[in-house]
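Try each task before reading its solution.

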Amino acid sequence: MARITFIQPDGSRQVLESGEDETVMLVGVRHNVAKLPADCGGQLACASCMVEVAEPWRAAVGGPGLDEGDMIEDALGMRPPGRRLSCQVRITEALDGLEVRLPETQG
Ligand code: FES
């Protein structure tokens, strides 16, 4: 288990505990985090689960995979640093304390 902090555009924070073998998206959806519709349920088909990984965590989380990166670029016209689709970020013990920011609007 790990603690994940979701930060809304207004700066409000929710610190949530992950379950076993979950992605960042699943933790957020399970707790009804706002601005995280995740319409496709984690099938890498909607780009509505975007988060910005806080800078200190980017190396530990890593960058997007090939298809994920293409989806981010299709949605935003660019690949902003730290941007990930949260359904593709699997939580490990090493990510305990991870902070992610929700965008104002989803792709
Ligand atoms: S939930 Fe649809 S791409 Fe992540």
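**Exercise 1: A pair of strands**

Task: Which residue of strand 2 stands opposite I7?

Solution. The residue opposite I7 in strand 2 is R13. Keep in mind that this is a predicted model. Now look for another pair. R3 has E17 as its bridge partner in strand 2. Next, take the strands as a whole. Strand 1 covers residues 3–7, and its pairing with strand 2 is antiparallel, over five bridges. Finally, follow the chain between them. The two strands make a hairpin, with five residues between strand 1 and strand 2. G11 sits in the turn and has a positive phi of about 95 degrees.

**Exercise 2: The whole sheet**

Task: In what order do the five strands lie in the open sheet?

Solution. Read across the sheet: the order is 2-1-5-3-4, and the pairing is mixed. Now find the edges. They are strand 2 (13–17) and strand 4 (83–85), each of which pairs on one side only. Then check the twist. From one strand to the next it averages 35 degrees.

**Exercise 3: A glutamate in a helix**

Task: Is E68 buried or exposed?

Solution. Start with its place: E68 lies in helix 3. Next, compare its area with the cut-off. Buried means under 20% relative accessible area. E68 has 4%, so E68 is buried. Now look for a polar partner. The side chains of E68 and R84 are joined by a polar contact of 2.7 Å. Then list the contacts, setting aside neighbours within four places in sequence. E68 is in contact with L44, R84, L85 and Q88.

**Exercise 4: The nonpolar core**

Task: Which residues have the most contacts inside the largest nonpolar core?

Solution. In soluble globular proteins, nonpolar side chains tend to be buried together. Here the largest nonpolar core has 28 residues, and F6, V24 and L98 have the most contacts inside it. Next, ask which elements supply this core. Those giving two or more residues are strand 1, helix 1 (24–30), strand 3, helix 3 and strand 5 (98–101). Finally, focus on L98. Not counting residues up to four places away in sequence, L98 touches R3, I4, T5, V24, V53, W57 and V61.

How values were computed: Residues numbered from 1 in each chain as written. Predicted model: local features only at pLDDT ≥ 70, side-chain atom pairs only at ≥ 80, totals over all residues. Heavy atoms only, no water. Pairing = 2+ DSSP bridges. Helix = DSSP H or I, 4+ residues; strand = E, 2+ residues; numbered from the N terminus. Axes fitted to C-alpha atoms, helices over the stretch in contact; angles between N-to-C directions. Buried < 20%, exposed > 50% of the residue type's maximum accessible area, 1.4 Å probe, protein only. Polar contact = N/O pair within 3.5 Å; in protein donor to acceptor, adjacent residues only side chain to side chain. Contact = heavy atoms within 4.5 Å. Core = buried A, V, L, I, M, F, W, Y, C linked by side-chain atoms within 4.5 Å.
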